[in-house]
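Please look over the sequence and the model shown here.

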2 protein chains.
Amino acid sequence: MKPKKFLLPESEIPTAWFNMQAVMPNKPLPILNPATREPLKPEDLYPIFCKASADQELNTTDEWIPIPEEVRQQYASYRCTPLVRAYDFEKALGTPAHIYFKNESVSPSGSHKLNSALAQAYYAKEQGITNLTTETGAGQWGGSLSYATKKFGIDCAVYMVKVSYQQKPYRRSIMQTFGAAITPSPSMSTRAGKDIITKNPNDQGSLGCAISEAIELAINTPNCKYSLGSVLNHVCLHQTVIGLEAEKQMALAGEYPDIVIGCFGGGSNFSGIAFPFMRHNIRDGKKTRFIAAEPASCPKLTKGKFEYDFGDEAGMTPLLPMYTLGHTFKPASLHAGGLRYHGAGVVLSQLMKDGLMEAVDIEQLDSFSAGVLFARSEGIIPAPESCHAIAATVQEALKCKQTGEEKVILFNLSGHGFVDMSAYDSYFSGEMQNPKLTDEELSRFIKSADELNK
Amino acid sequence: MKPKKFLLPESEIPTAWFNMQAVMPNKPLPILNPATREPLKPEDLYPIFCKASADQELNTTDEWIPIPEEVRQQYASYRCTPLVRAYDFEKALGTPAHIYFKNESVSPSGSHKLNSALAQAYYAKEQGITNLTTETGAGQWGGSLSYATKKFGIDCAVYMVKVSYQQKPYRRSIMQTFGAAITPSPSMSTRAGKDIITKNPNDQGSLGCAISEAIELAINTPNCKYSLGSVLNHVCLHQTVIGLEAEKQMALAGEYPDIVIGCFGGGSNFSGIAFPFMRHNIRDGKKTRFIAAEPASCPKLTKGKFEYDFGDEAGMTPLLPMYTLGHTFKPASLHAGGLRYHGAGVVLSQLMKDGLMEAVDIEQLDSFSAGVLFARSEGIIPAPESCHAIAATVQEALKCKQTGEEKVILFNLSGHGFVDMSAYDSYFSGEMQNPKLTDEELSRFIKSADELNK
């Protein structure tokens, strides 16, 4: 029997995260205080984030950052996650390529998000924090932080975009099962929320508003900090356990990836699978291609501009040097809710600028077509976000079919789609469409960033 | 770091199923043709079931039945499943007991059901069958057979109880994603369905009717057979991979279970975890207790009678010697849809009669209370069915707390609850109740079996 899954024992859970900032050829530009335009220092972030997160965010020197033993112990409930050879998917595509995927869907919350949630909850606990706040759109991050805080005995308050709160009741129930307090946003519990509701009582919410509410609650509550699930450097750092394990598992399979693929929202799951392999391109002359699969309707890497911009719609965050569609960008309604973000993480943006990675735009219908073929072949129904990585894998595998090359492709299966079945319903019913984004809309949104860079 | 998961490589996937019928002290009474009252021969079952299934059903002599290599290859996509030590659950209960669970929720369909679905689909393919039919209530079995048939290139038609079809759209979508044709039952596609709809156009369906429709379609379609997901001996046989793996994994943990627990609907997941260990009670003087956890509102093992009865409501099946509540039993509405069956499998019933296993009744609210505590401790949201096994585990663990005994408890986590979150909602909202079953109702239903035994 040909081996299908490549497993590692718990003793092989990484003992340190890999910090790309210490290794990349060009360091990222500084993050700026929007008022003074001065580079941010870690202590500027302490009022909002846990100290450890803030320090890691701006750490450009330490290549390896030790993973606390308490976090590793919690990782052990689902890590090391399996690396799987997708034989039947290869067969369905008729490709000579060897396709592997790292299965992060086996985590308690059903996605890779827990890798950072556990770290952030642990650091909060260590610092004496008793409450964490966050926002969630699709609900993957909210579910992960709900579980992680429960494990470390911290209370968790999640602001969930109102339309998701109503349309994704299962995600809400998952957070509730893990013991979090969930508030539909906008809410009357914050000034930011009240202002919006006063203007429009029927406002359906946005990620931008939910972030504002979560930060406001954190700032105004004793022993409370705010926590974010993607984009930021320390979040990408925590996700490198994915690629570090995959590296060892690819060695068990006797192969090394020619192509590494991840879907791309803010960049955390892509960083997780890509960074550990990318260091070998930088140092050891490896020629692996790294492909970020983003939605065609939210194309920050292929059609965005590299500029200073806010991380949120309301402009409350520091100025980040990144590929952006403009902080006022309003992404089309998209089933892959986790990919609807206007910017790319700072480190990732610099790597993109330096040509160390590439990006591809995936149409929604193509993502589900690939996801269904994968489900029928490998038995895992992928999250709509992960379907983008699968669609990019299909593109590369079909190129191999044309050329006859036996390339080794590795993609990150960031999560399962058991709580996203209504999206599949929409696909099967023929009602699903490809969201449109016109050049006119694009240039109008990007102006909101342009103006900050004058 | 204390080891948490006990993993086995794919090479350790069992090569043979364990056939309890060959080992049990008293063989089961014969299954009877209801018309002639003659014991059934395998060939009597050939018109409905695949030949291999029918042969296995009545095989009382071969202790080990080889698992075809093609089935093992498919098992490899998720097996060997992890055995997990539930340290945090022990801590939450404050018990000195050592609690282990076998995690069958990691299968593509999210439950143990796939272990038999893959075997049955393979045998169908080998026999030249091109279509399988089945019924599904809660949807776990339908999803499993949908995936298994897809893997072996067979078409699958699922009759789904109409009320579930409407109330559990995610389960329906999962089956559709795996490529099955799903029909709400009663339907106009069979005589059985037409008769019911003609009488009552708004009939919401029942498992009994869905079984009748699936069998009717199988009998009237060339190259088509019917497939069942629990109760029958060959289904219990296929599930023994669970316990066979667990036996090796408990040895890795350096322990042997004092108590083995599984939830109980028709008996397939309980058989899977229990039978391999039970053979050591029969042969090697082990004293393990085997506890079947059934819903208090469907108490076939504790309050049913051991009698000959039909397996379905309409009385189309052979007469089975089993613990039964009567084939006309109408189980109360219960979130653990997979446990709403009136009878226990034939082999299991004989083992119960002979005192080799015991049973406990679990109230619905207690099952969810235990399930939520487990989710918050171990990070896996259990299926409502599995919550019953967890509640029985809690009972035994709390006894250990009182006595101070460090008993080793092993339970089967038959599936996850990601698609059952509405049940958790009902629990959290306070709307959930314990379904009632009166003595009067009980004796009225049991009469339908009594009359067959006069």
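Accessible areas here come from the Shrake-Rupley method with a 1.4 Å probe. On that basis, chain A has an accessible surface of about 15400 Å². Carbon and sulfur atoms account for 51% of this surface. The model is predicted.

The interface agrees between the copies. Of the interface residues of chain A, 100% are also interface residues in chain B, so the copies meet through the same surface.

## Overall build of chain A

Chain A contains 19 helices and 15 strands. Its radius of gyration is 20 Å, close to the 22 Å that the globule rule gives for 454 residues, so chain A is as compact as a globular protein of that length. Along the principal axes, the C-alpha atoms fill a box of roughly 60 × 50 × 45 Å.

Of the 454 residues in chain A, 64% count as buried.

## A covered strand in chain A

Strand β5(A) covers residues 98–103. How many of its residues are buried? The count is 6 of 6, and the strand is mostly covered. Both faces are covered. His98(A), Tyr100(A) and Lys102(A) are buried on one side. Ile99(A), Phe101(A) and Asn103(A) are buried on the other.

Strands of a sheet pair through backbone hydrogen bonds, either parallel or antiparallel. β5(A) takes part in both kinds of pairing. With β4(A), residues 83–85, β5(A) runs antiparallel over 3 bridges. Arg85(A) has Tyr100(A) as its bridge partner there. With β15(A), residues 408–413, β5(A) pairs in the parallel sense over 6 bridges. In that pairing, Phe101(A) has Phe411(A) as its bridge partner.

## A parallel sheet in chain B

An open sheet of 4 strands in chain B has the order β8-β7-β6-β9, with parallel pairing. Which strands form its edges? They are β8(B), residues 181–185, and β9(B), residues 224–226. Each of them pairs on one side only. Neighbouring strands of this sheet are turned by 25 degrees against each other on average, direction ignored.

β6(B), residues 131–136, is joined to β9(B) by 3 bridges, and the two run parallel. Thr133(B) stands opposite Tyr226(B) of β9(B). Helix α6(B), residues 140–151, lies across β6(B) and β7(B), the latter spanning residues 155–161. The helix runs at about 165 degrees to β6(B).

## Tyr427 of chain B

Tyr427(B) sits in helix α18(B), which spans residues 421–428. The cut-off for buried is under 20%, and exposed means over 50%.

Leaving aside residues up to four places away in sequence, Tyr427(B) touches Leu365(B), Phe368(B), Ser369(B), Val372(B) and Met432(B). Pro34(B) is 393 residues away from Tyr427(B) along the chain. Their C-alpha atoms are separated by 43 Å.

Methods: Residues are numbered from 1 along each chain as its sequence is written. Chains are lettered from A and ligands numbered from 1 in the order in which they are written. This is a predicted model: local features need pLDDT of at least 70, side-chain atom pairs count only at pLDDT 80 or more; totals for chains, interfaces and linings use all residues. Side-chain values use heavy atoms; hydrogens and water are left out. Contact means heavy atoms within 4.5 Å. Two strands pair if DSSP finds at least two bridges between them. Axes are lines fitted to C-alpha atoms, for helices over the stretch in contact, and angles run from 0 to 180 degrees between N-to-C directions. The radius of gyration is taken over C-alpha atoms; the globule rule is 2.2 Å times the number of residues to the power 0.38. Buried means under 20% relative accessible area, exposed over 50%, partly exposed in between (1.4 Å probe, protein chains only).
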